[in-house]
Amino acid sequence: MLRCLVADLSRKDFGADRSLKNLKKFLPYIDALEVRADPENPPSPSQVEELCGTGFSMVILSGLSSEEDILRLLRPEIAWVDLEEGLSCPTLEKNAAEMGIGLIRSIAAEEGLPENPGERVRRIAATGAIPRITCGPRSSGEVLELLKIARSLRDVKQKIITGEGLFAFFGRIAPWLFGSMMTFLTQDEEALESGEIDPHSLERVYGFSEHCRSTRIYGIIGKPVMHTRSPHLHNRWFTGAGLDAVYLPFHVDDVEAFMGAAELIGLKGFSVTVPHKHAVIPLLDYVGPEVAAIGSCNTVVRTERGWEGSNTDFEGFLKPLDSLVPSGNIRSALVIGAGGAARAVVYALVGRGISVEVVNRTASKAESLAVEMGASWKNIEDVQGAAEKGGYDLVVQTTSAGMYPDIETDPLPRYEFNGAETVYDIIYAPEKTIFLERAEKSGAVIIGGKGMLEAQAEGQFELFRKVYSLQAE
Ligand code: ATR
């Protein structure tokens, strides 16, 4: 599997000096360099010579459609010349063959998928050139289609398939899932937003050089998902446990289409984040009792019986609490919020026999959550003000009020802490919300959301480990 760094000469920031220095720092992480020329302003032979001299063992020259321009630039260091699928260039073909330079023939579809890809790829492969598809899947459905195309072309051994953009991003990290012999990388470390990745992140976060076609695939689905820290945690844990697995981010807009893709790539398990924690449930073969009760699933694994859904949020919530407060010390709790996170928290506390009261900005939601889960509820006004001071052993804040970037918001500004409660805010960014700061000043024991985040991920990892060795049916 080759890692190819793209040196895009049409980019304004690609000044010759800076880029060459930059390129060299990637040498240990890169197998090939694509010199993508600007057809409006083709490079000079000396510029190509300089780029070929950067030490990369393989160079691809691409972007040009004038046979004459390309002929001027051919050099023995060039491994492949990338040409448009239908470009006729008999002299170039002859000269390249004499110099031992291979041809890549490109099929491009900027938006969506190419027409008749199977037929076109086979026609190119029959000429001895390497077929290359570059396309831009716009949905999980199109990613599924692209995976099917790749599967139907399994007999074409040498091919390149790149899905650009967020939906097919996982293929940059695991190109073999699309049957591609190569992945393309950018120099830009901030490129995640556009679905690209730089060589350092590919190695440091995903351990690319350790992987091969038999590497087990795990991941996380969400939208947005690109900036989640979960790949950092799970990939580190897989490596630490000596397991050959990689955990990828899947940008997903349609969970059903994703489940089709999951079957095709033999996914072993995945984390589920916003907004799919509810939508994934009916697509699973069976779920744990906590998933049915909370109505939310954050972990799915492939077992012998099919797709199994669990929820590690509620245990993840209890773990930091248990490590600080003996459970017998908590008899009453106030939960702020009535969304998905609150459901996991109320489920966990009621399950322990704790008397729980729910308050929420929209009181009707507090009421329906409380009724469903065997808790009680109050209007926000009824728990604010000195007259109501204290009264709970535990206060749990589950809303997004106070979360980055909305860090000045206090969800219960007039609630007066008595200083004897334990106050737990499940927000992890910032580590200490202004609600927690206020609680701390009163002398209360405080717990931020980072512990829960890590504990729910540890719970997921345990589930992932259990299915690691199971054979796919
Ligand atoms: P999650 O899955 O993170 O719980 P959610 O299901 O969208 O997300 O629920 C968000 C919760 O945060 C709700 O309880 C919401 O209150 P409403 O039901 O009144 O919408 C609460 N929330 C969000 N922003 C808030 C704010 N600025 N002040 C108070 N509560 C807020």
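Select helix α6 (residues 140-152) and helix α10 (residues 255-265); helices here are DSSP runs of H or I with at least four residues, strands are runs of E with at least two, and both are numbered from the N terminus. Ser 140, Gly 141, Leu 144, Leu 147, Lys 148 and Arg 151 of α6 meet Ala 257, Phe 258, Gly 260, Ala 261, Leu 264 and Ile 265 of α10, where contact means heavy atoms within 4.5 Å. This is a predicted model, in which local features need pLDDT of at least 70 and side-chain atom pairs count only at pLDDT 80 or more, while totals for chains, interfaces and linings use all residues. Residues are numbered from 1 along each chain as its sequence is written, and side-chain values use heavy atoms, with hydrogens and water left out.

Now show the axes of the two helices. They come within 8 Å and cross at roughly 25°; axes are lines fitted to C-alpha atoms, for helices over the stretch in contact, and angles run from 0 to 180 degrees between N-to-C directions. α6 and α10 are therefore roughly parallel to each other (angles under 35 degrees; over 145 is roughly antiparallel, 65 to 115 roughly perpendicular, the rest oblique). Their crossing is left-handed, meaning that the near helix is turned anticlockwise from the far one by less than a right angle, and right-handed if clockwise.

Next, select strand β10 (residues 245-251). Here 7 of the 7 residues are buried, so β10 is largely enclosed by the rest of the structure; buried means under 20% relative accessible area, exposed over 50%, and partly exposed in between, with a 1.4 Å probe and protein chains only. In a regular strand, side chains alternate between the two faces of the sheet. On one side of β10 are Ala 245, Tyr 247, Pro 249 and His 251, and on the other Val 246, Leu 248 and Phe 250.

Ile 220 stands opposite Pro 249 of β10. From β9 the chain crosses through helix α9 (residues 230-240) to β10, a right-handed β-α-β crossover: with the strands pointing away from the viewer, the path from the first strand over the helix to the second runs clockwise.

Leu 233, His 234, Trp 237 and Phe 238 of α9 make the contact with Glu 454, Ala 457, Glu 458, Gln 460, Phe 461 and Phe 464 of α16.

Technical notes. Two strands pair if DSSP finds at least two bridges between them.
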